[in-house]
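Let's take a friendly walk through a model together. Have the viewer ready, and we will look at strand pairing and then at helix packing.

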Amino acid sequence: MIRRPSRRAYLGQWLLLLAVAAGGWIIVGNVGENLARKNLHFGFGFLEQESHFDIPFHLISWTVFNTYARALLVSLLNTVLVSVLAIVTATLLGLLVGIMRLSVNWLVRNIALAYIEFVRNTPQLVQIIFWYVGVLQALPSPRQSIALPGGILLNIRGLYIPDAVMDPDLDWLSWLALACLAATPFVWRLRIGGERIGRKALLLPVLALAFFAAGVDHLTYPELKGFNLAGGTQVPPELVALWMGISIYASAFIAEIVRGSIEAIPRGQHEAALAIGLHSWQRLGLVILPQALRIMVPQMTSQYLNIIKSSSLGAAIAYPELFAIFTGTVLNQAGKEIETISIVVAIFLTLNLLTSLTMNWYNRRVALVER
Amino acid sequence: MRSLLKVVTCCALAAGMLGLAGESRAQTYDVKSATMDAIKKRGELICGVDTGIPGFAFQDASGKWQGLDIAYCRAIAAALLGDADKVKYIGTTSKVRFTVLQSGEIDVLIRDSTLTLTRNTELGLAHGTVNFFTGQAFMVRKSLNVAHVKELNGATICVLTGTTLELNIADYGRANNIKINTLLFEKSEEAFAAAESGRCDGYTDDGGSVAAARSAMKKPSDWVILPELISREFLGSMTRQGDERWNILVRWVHFAMLEAEVLGITQANVDEIKKTATNPEVRGFLGLEENFGKKLGVDNEWAYRIVKSVGNYGENYAKYFGPLELPRGWNELYNKGGLQYPLPWR
């Protein structure tokens with residue numbers, strides 16, 4: 001019929017695409033029909049409704065009069081917060097344990113081994129609940145808070161840190177501080193007369209701190225008032241438990257990636273570094289790690305994606321993240337299963353695709369340019 | 001040949017008509033229900049229940065399901081299938097319960113769930129009857145010296161997510177100008193643990209579940225249930241919309257359990273009463289007279305089987321809520337000052 005093989009292949013692919021599209025169409029039609037039969041209607045109009053429930057922990061303001069759309073934003077920020085914290089912690093911890101794993105010291109090496117094997121061979125949810133129920137709930141009640149230096153209080157309800165109340169007339173100082181921080185990495189790379197500014201740019205964050213401090217009106221300290229501590233900022237134990245649970249779990253996998261990547265660097269590199277008289281930390285920091293980084297990055301990407309997805313385990317320990325609030329409370333109050341689930345899936349997909357894009361961009365930057 | 005066929009057809013028709021005439025005394029009732037047919041074909045009722053809460057639905061030491069809601073599942077199976085043990089229980093969290101029902105995974109949801117307007121409309125659920133009248137109650141530590149919910153300003157309360165309770169607390173706070181912080185848990189185990197350890201000042205749920213929660217604490221006497229109820233939580237059974245007859249049967253199983261109590265028929269004396277009954281109401285109930293069962297799409301012995309295998313409402317209440325020290329209150333019969341009533345058996 002069609003002689004040229006390439007044409008035939010084309011035809012096959014188009015037919016397959018058509019079949020997939022038809023399948024999708026049938027599924028969508030089916031869902032609509034089934035929903036209609038159950039007197040349910042598909043639509044995202046419910047996002048405009050007032051929510052009338054409370055979200056215990058929020059980074060931006062939240063009242064019961066806010067809409068479901070705002071609830072989405074509040075819980076999304078909670079998800080992003082714990083994901084970012086966990087990614088940073090897991091990376092640092094993983095790097096440390098991974099290097100420990102290659103230590104010449106028997107004890108250090110085996111502690112790292114035991115840590116990795118223990119952590120990655122127990123379920124993640126069990127670990128999170130262990131941190132929450134087993135560790136953090138053993139802390140004392142608000143009335144017997146542990147007083148830490150600097151007016152910080154620690155109890156079962158969380159870590160209470162003194163809060164800085166900014167002087168509203170001087171809020172330009174805060175903006176200046178933010179601008180200083182944002183400019184730091186760019187100034188770092190600037191060249192003046194062919195010479196990089198480099199470390200001198202670290203003056204900027206110090207300046208930022210000074211600006212920030214100058215804008216503070218007064219500090220509020222947490223103190224016991226009624227049932228709870230009032231004043232200051234509260235870091236809830238749910239956040240800490242989830243953060244620790246995810247970071248520690250991921251750090252074990254990252255440690256193995258770090259070890260594998262370091263071991264993949266040819267022996268000759270070690271010997272060369274040794275030959276030019278670098279001591280052990282210099283060998284690691286200047287020669288081995290920069291090369292191992294190239295091997296690490298693609299694998300780290302999938303660990304980061306796992307961390308973001310694991311944040312949904314917060315639902316088990318009352319951390320109000322996207323999954324708990326949106327597919328829990330909102331789904332039940334609004335009764336919109338398909339809509340809420342699709343929103344949550346779409347958001348996780350977007351978050352993870354963005355992370356992948358960023359990591360791929362970084363990967364291309366650090367990759368060896370082959371000539 | 002053809003004429004022979006005609007004769008045969010005529011005879012058959014005549015016989016059929018005679019048969020119908022004979023039947024008309026015993027009258028047939030055309031009850032069409034896709035759900036009931038499916039259950040009979042399957043030989044098993046699939047009942048959505050709580051994952052585990054004392055009083056309503058819990059597994060005993062031998063792994064057998066017990067509780068008031070379980071008694072209802074068993075009663076429906078006894079009525080429809082003739083055997084109270086032909087039930088498969090699906091434990092559902094408060095989050096997924098309605099989805100599981102809507103998707104057809106279960107036949108009926110009897111899971112200490114509040115019947116509400118939104119659930120009746122937006123969620124496409126058909127309400128059965130209220131098997132437990134209660135309201136949202138609070139349990140707090142005695143040592144906090146709180147006597148009224150209004151005094152809970154600033155307190156943190158553990159709640160289960162995906163419930164009417166979350167909305168009630170927020171509404172109550174708004175109405176009384178106080179702020180009660182909540183901590184939303186998906187499962188009661190973690191919520192109880194958090195309350196026990198002092199992460200929250202108390203726990204809130206409907207009255208029956210709070211009593212159950214108190215019984216689950218390490219030292220129940222350390223906890224006090226505040227007398228004020230901040231909402232109506234009328235818990236009951238739900239089915240899918242679009243199968244009216246199935247919903248009607250579920251409803252009348254509840255009335256059968258109440259009617260038995262009104263008539264003084266218990267699991268222990270039902271056989272005795274059946275033998276000696278002269279009271280027309282009792283005879284009608286036990287299927288010795290009338291066609292109540294057939295009108296519902298089951299046989300006339302259905303109510304007898306319910307009482308025989310499950311017992312009446314009062315017996316089950318005493319069995320499952322007695323140990324929790326929860327007085328019957330609203331759940332007393334209508335003629336004893338309560339809200340529980342069976343519609344007339346006529």
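## A strand and its partners in chain B

In this predicted model, Met139(B) has Tyr203(B) as its bridge partner in β10(B). That bridge partner sits in a strand covering residues 202-206 of chain B, which pairs with β7(B) (residues 136-141) in the antiparallel sense over five bridges.

β7(B) also pairs with β11(B), residues 223-225, again in the antiparallel sense, here over three bridges.

## How enclosed is the strand?

How many of the six residues of β7(B) are buried? Five of them are, so β7(B) is largely enclosed by the rest of the structure.

## Two helices packing in chain A

Now over to chain A, where helix α7 (residues 237-263) packs with helix α9 (residues 280-310) at an angle of about 155°, the axes lying 9 Å apart. Because angles over 145 degrees count as roughly antiparallel, α7(A) is roughly antiparallel to α9(A). The crossing of α7(A) past α9(A) is right-handed.

## What lines the helix contact

On the α7(A) side, the contact residues include Ile246(A), Ala250(A), Phe253(A) and Ile257(A). From α9(A), the contributors include Ile288(A), Ala292(A), Met296(A), Gln299(A) and Asn306(A).

Which kinds of residue make up the contact of α7(A) with α9(A): nonpolar, polar or charged? The division is 13 nonpolar and five polar, with no charged residues.

How values were computed:
Residues are numbered from 1 along each chain as its sequence is written. Chains are lettered from A and ligands numbered from 1 in the order in which they are written. This is a predicted model: local features need pLDDT of at least 70, side-chain atom pairs count only at pLDDT 80 or more; totals for chains, interfaces and linings use all residues. Axes are lines fitted to C-alpha atoms, for helices over the stretch in contact, and angles run from 0 to 180 degrees between N-to-C directions. Helices (H or I, at least four residues) and strands (E, at least two) are DSSP runs, numbered from the N terminus. Angles under 35 degrees count as roughly parallel, over 145 as roughly antiparallel, 65 to 115 as roughly perpendicular and the rest as oblique. A crossing is left-handed if the near helix is turned anticlockwise from the far one by less than a right angle, and right-handed if clockwise. Two residues are in contact if their C-beta atoms, placed from the backbone, lie within 7 Å. Ala, Val, Leu, Ile, Met, Phe, Trp, Tyr, Cys and Pro count as nonpolar, Asp, Glu, Lys and Arg as charged, and the others, Gly among them, as polar. A residue is buried if 20 or more other C-beta atoms lie within 10 Å of its own, exposed if 12 or fewer, and partly exposed in between; C-beta atoms are placed from the backbone. Two strands pair if DSSP finds at least two bridges between them.
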